[in-house]
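Reader: I am new to this structure and would like a friendly tour. Could you show it to me first?

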Amino acid sequence: MMFALDSILSIYSINFKKNFATYKNDTIYFNFEESTFSYKGKKFKMDYKMENNKTFLDGNSIALIIYKLTSNPIFWDYKNNEFFRAIETIKKFEFIEGNDSCILNFYFSKSLNEQVWFDENSLIIHIKDGFYPKYNYINSNSEVIDSIRIFHTKEGAFFKIFITTKYGSYKRIKEKNVLKFVIYSYGNFGYIIIDPGHGGEDPGAIGKWGIKEKDITLSVSKKIADILKKEYGFKVILTRNDDYFVSLKERAEIARKFNAKLFVSIHCNYSEVDNAEGPETYFLSTARTNEERAVETLENSVIKYEVEDNNLLKFIISDILQNAYLKESQKLAFFIHQKINKDRKDRGIKQAGFYVLRGVYSPSVLVELGFISNPKEAKLLSDEKYQDEISKKIAEGIKAYVDWYIRR
Ligand SMILES: [Zn+2]
């Protein structure tokens, strides 16, 4: 709802002159091109329209102007479309921007209760009986919050936090009359390791028309890493970013070095049976079926390229450590697999004892994108467009897992 500025401000003895409004010795300046007004060097957003040479402003901005100039705590009830007066109960609101997280601090003059919910791309914090006349809009340069808008009804204040696609989760801390929210981005989750299978002297499986597994895994892994970083703001490390050999041991070491929160190994499958098709997602465990054992043997065969450690005890110990992540790994496999099995033959989620996953102390899975021994799938997996598509799905699966994990 819009009001003619001159008439409404005159009620409060404020003089309005085209581009500014004065009260005693104070002045507010309007910038209609920018849709802002400024007071004591600070800028505020407003909605306005011009009609018959008169300036009309939205109720929320008018309430703020009256408060700034006259210290009269006037609020605009955006649901009932009316002005009302209330005692300022939110004494201070702090917004602290950070890289991986932002902090919102509310200081109350008495004990107040809050409610929190999501509305499309915003997180709404409703402070019951909370009244805050100082701002109606706060801009943000952080990765996780776009801006904050503040609305009121007679019931209290609504802080509408516009979040970005990089929003991860929030934490609420309440102490006496101070309410604190920490808004985390996905970057705060920690490192996700994407592991392109094979590389260098180890081509992996050789498929139809000489297609090499190592090339497809590298291309898809880079795409996954890109989406995770750019779209969601995750921290991502690739175990290799070019065509060179990295031992399984080194891959696990990279994961440990970055204190990996997730490890996703990307591979392509091979079968003597020409028409074998469909993606599979594995998590570490003991292989149960002959088929699972066959894939396990295939992927573990890279060991012959490496100096055999033969430290069985080490494997057994890391196996036990991996067990601690078994449930999470299974969950991660589930979230990824339900994205990638669409429009493809579903071969399901499987378990096997891959060496590469053994030295990794985080939830970890191995994705077989499909069979490069099958002409249909070899063509599909070497197609740039399909690579984009499956990378997006894997990234979405990883994000879905993280959402489940951090918002539990
Ligand atoms: Zn492989």
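Reader: How much space lies in the second largest pocket?

Author: Welcome! This is a predicted model, so local features need pLDDT of at least 70 and side-chain atom pairs count only at pLDDT 80 or more, while totals for chains, interfaces and linings use all residues. Residues are numbered from 1 along each chain as its sequence is written, and side-chain values use heavy atoms, with hydrogens and water left out. On a 1 Å grid over the protein atoms alone, a pocket is an open set of points with protein on both sides within 12 Å along at least five of seven lines, whereas a cavity is a set where a 1.4 Å probe fits but cannot get out; lining residues have an atom within 4 Å of a point. With grid points joined across faces, edges and corners, and volume taken as the space filled by probe spheres set on the points, the second largest pocket holds about 260 Å³.

Reader: Which element gives the largest share of the lining of that second largest pocket?

Author: The lining has 14 residues, and the closest to the pocket centre are Lys-42, Phe-44, Tyr-135, Tyr-137 and Ile-138. Two or more residues come from each of β6 (42-45), β11 (90-96) and β15 (137-139); strands here are DSSP runs of E with at least two residues, helices are runs of H or I with at least four, and both are numbered from the N terminus. The largest share, 4 residues, is from β6.

Reader: Between which domains does the second largest pocket lie?

Author: An automatic or database assignment sets the domain bounds, giving domain 1 (2-72), domain 2 (90-186) and domain 3 (190-406). The centres of domain 1 and domain 2, taken over C-alpha atoms, are 26 Å apart. Across them, 8 residues of domain 1 are in contact (heavy atoms within 4.5 Å) with 7 residues of domain 2. Because both give residues to its lining, the pocket lies between domain 1 and domain 2.

Reader: Is Phe-181 buried or exposed?

Author: Phe-181 sits in strand β19 (residues 178-185). Buried means under 20% relative accessible area, exposed over 50%, and partly exposed in between (1.4 Å probe, protein chains only). Since its relative accessibility is 0%, Phe-181 counts as buried.

Reader: Which residues does Glu-377 touch, not counting those up to four places away in sequence?

Author: Glu-377 is found in helix α9 (residues 375-382). At 1% relative accessibility, Glu-377 counts as buried. The residues in touch with Glu-377 are Glu-277, Gly-278, Arg-344, Gly-370 and Phe-371.
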